[in-house]
Amino acid sequence: VTEEQFRQKISEDGFLEYAEVFGHLYGTPKESVLQRLNAGIDVILEIDVQGALQVKKNYPGGVFIFILPPSMRELRRRIQGRKSETEESVSTRLGNALDEMSHLRSYDYCIVNDSLGEAVANIAAIITTEHLRVGDRADALLEKYRNEGDA
């Protein structure tokens, strides 16, 4: 969308979160996420700390996972490996990464992305764990067993 359309959607509260990052506007359309959640579908958002804190403020029941690099040295190697950044922008991104890491305590879980397969398995384990929480399911579960009490 154009910048004007994006800003119009902001004024209409059409984003779950939005931010300007490195001179570009990014946002997560609210309607499509809420439709999926209301249909019982898990939604995973890959968003920066700014966005995550916005979502957490408005939807505190969400589950927040911070993905860390194995080290700052490895993060630098990965960014430089893209061959799309100047040395100045690499330094800016590393500084921003350290700033974002300072918000780690705002998250529920933390995964160090050293091995992609292991990181994915850890995320799957978190999703499974969250689905096993009693939380809002307690009343429905108890009612089910009460109704089966005559069996």
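## Two helices that cross

Helices here are DSSP runs of at least four residues, numbered from the N terminus. The model is predicted. Two packed helices are described by the angle between their axes and the distance between the axes.

Helix α4 covers residues 72-81 and helix α5 covers residues 87-101. Their axes come within 10 Å and cross at roughly 140°. Angles over 145 degrees would count as roughly antiparallel. α4 and α5 are therefore oblique to each other. Their crossing is right-handed. From α4, the contact draws on Met-72, Leu-75, Arg-76, Ile-79 and Gln-80. From α5 come Glu-87, Val-90, Ser-91, Arg-93, Leu-94, Ala-97, Leu-98 and Met-101. Eight of the residues in this contact are nonpolar, two are polar and three are charged.

## The nonpolar cores

In soluble globular proteins, nonpolar side chains tend to be buried together. The largest nonpolar core in this model has nine residues. They are Leu-16, Val-33, Val-49, Ala-52, Val-55, Phe-64, Phe-66, Leu-68 and Tyr-107. Two or more residues each come from α3 (49-58) and β3 (65-68). α3 gives the most, with three residues. A second, separate core has five residues, including Leu-75, Ile-79, Val-90 and Ala-97. Those four residues also take part in the contact between α4 and α5.

Val-55 belongs to the largest core. Setting aside residues up to four places away in sequence, Val-55 touches Leu-16, Glu-17, Leu-45, Ile-47, Pro-60 and Phe-64.

## Glu-100 on α5

Glu-100 lies in helix α5. Its relative accessible area is 28%, so Glu-100 is partly exposed. Beyond its neighbours within four places in sequence, Glu-100 is in contact with Asp-48, Val-49 and Phe-66. Pro-70 is 30 residues from Glu-100 in sequence, and their C-alpha atoms are 15 Å apart.

## Two loop residues with positive phi

Most residues other than glycine have a negative phi. Asp-13 is not a glycine, yet its phi is positive, at about 55°. Asp-13 is found in the loop between α1 (3-11) and β1 (15-21).

Lys-83 also has a positive phi, near 55°. This residue lies in the loop between α4 and α5. Lys-83 counts as exposed because its relative accessibility is 75%, and the cut-off for exposed is over 50%.

Methods. Residues numbered from 1 in each chain as written. Predicted model: local features only at pLDDT ≥ 70, side-chain atom pairs only at ≥ 80, totals over all residues. Heavy atoms only, no water. Axes fitted to C-alpha atoms, helices over the stretch in contact; angles between N-to-C directions. Parallel < 35°, antiparallel > 145°, perpendicular 65-115°, else oblique. Left-handed = near helix turned anticlockwise from the far one by under 90°. Contact = heavy atoms within 4.5 Å. Nonpolar A, V, L, I, M, F, W, Y, C, P; charged D, E, K, R; others polar. Buried < 20%, exposed > 50% of the residue type's maximum accessible area, 1.4 Å probe, protein only. Core = buried A, V, L, I, M, F, W, Y, C linked by side-chain atoms within 4.5 Å.
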